[in-house]
Amino acid sequence: MQPRNMSMSGVVDLAAVKAAGEAKAKAEQARAEAARQAGQGGGAGPSAGAVPPSALVIDVDEAGFERDVLQLSAEVPVVLDFWAEWCQPCKQLSPLLERLTVEANGRLVLAKVDVDANQMLMQQFQIQGIPAVFAVVAGQVLPLFQGVAPEQQIRETLAQLVQVAEERFGIIGIEVDPNAEGAAPADAAEAETPAGPYDALLEAAVVALDAGDLGGAVQAYKNVLADDPANTEAKLGLAQAELLARVQGMNPQAVRTAAAENPKDPAAQIAAADLDLVGGHVEDAFGRLVDTVRVTFGEDRDAVRLRLLELFEVIGADDPRVSAARTALARVLF
């Protein structure tokens, strides 16, 4: 997947945006309190809840999935690595994921799933090929990427996952024993990820989102893109902010009624698709617009097609639902 452009199904909604500032503040307070308590302890050692780095990488099976993944995801983002012994790309990806997880120093846990021994989990996640990587945050599943990707791309994807966990859910991870063999320095990730030239503008956009200033967020992202049109984070942020701005003043019941009564009306279907996506109903939104493209022509069809492409940007180009919708759109158009 593209850096910092992962699927946000069930996460990108107005309630989450409104709560983002509060969750982030709670996360920062919790981390500050943990640091204060560690300082009062005089360096005698980690707290009773601290874990060694080896505990950050675990093997998971169907029997322990609820405990080891779903329950744990309320404390720390859990990255799922679906692999198999016969899979050569898996042998390239898994060690990299393990190393990056240890470097994250408790902000991530890696759960390895052997698909040969856990066929039911493979079916439940609808995995078509391996390696396949997902994340679970607060019980919500987020598809990350499939196949082997460059290290920097994976590093940035995991950094975004940590950010989502903190800002949307207030999840700050688990404490790692700093004296255990193999522990990563607390600032290792920060040291390897220098601040970019647009960090201040991107932070301003996030602050505007947290304050409900969607217009300000849109402008901040546009300011970044004016100088750096390929900036992935700004493109994703702009697509999300514009979507939220569009639905902010909508009457959901009236929009859905109009869409049901006018199945060939492009404006009615576009508005309903926006609501679908904000509510986390990604496939419904895509399917609605593909169906509308099928029954419209000329400028109307083009307007629906362009909105569908915009919604693809919100979810992320490498999300399997986007790939499926692109295929469906191509069949309708050609």
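**Disulfide, helix pairs and one aspartate**

Let me start with the sulfurs: the count comes to 1 disulfide, taking a disulfide as a pair of cysteine sulfur atoms within 2.5 Å. Before I go on, this is a predicted model, so local features need pLDDT of at least 70, side-chain atom pairs count only at pLDDT 80 or more, and totals for chains, interfaces and linings use all residues. Residues are numbered from 1 along each chain as its sequence is written, and side-chain values use heavy atoms, with hydrogens and water left out.

So, which cysteines does the disulfide join? They're C87 and C90, with S to S at 2.4 Å. The link between C87 and C90 is right-handed, with 80° about the S-S bond. Buried or exposed, then, for C87? C87 counts as buried because its relative accessibility is 4%, where buried means under 20% relative accessible area, exposed over 50% and partly exposed in between, using a 1.4 Å probe and protein chains only. C90 counts as buried too, at 2%.

Okay, helices. Helices here are DSSP runs of H or I with at least four residues, numbered from the N terminus. Axes are lines fitted to C-alpha atoms over the stretch in contact, and angles run from 0 to 180 degrees between N-to-C directions.

Take α8 (residues 214-227) and α9 (residues 232-248): their axes come within 9 Å and cross at roughly 155°. That makes α8 and α9 roughly antiparallel, given that over 145 degrees counts as roughly antiparallel and under 35 as roughly parallel. Contact means heavy atoms within 4.5 Å, and on the α8 side the residues include L214, Y221 and L225, meeting α9 residues including E233, L238 and Q248.

Next pair: α12 (residues 282-295) and α14 (residues 320-333) pack at about 10°, with axes 9 Å apart. So α12 and α14 are roughly parallel. Among the residues making that contact are F286, V290 and R294 of α12, and R321, L329 and L333 of α14.

Last stop, D276. Where does D276 sit? In helix α11, residues 266-278. D276 is buried, because its relative accessible area is 4%. And what does D276 touch, leaving aside neighbours within four places in sequence? The partners are R256, H281, D284, A285 and R288.

That's my tour, thanks.

Conventions. Helix = DSSP H or I, 4+ residues; strand = E, 2+ residues; numbered from the N terminus. Parallel < 35°, antiparallel > 145°, perpendicular 65-115°, else oblique.
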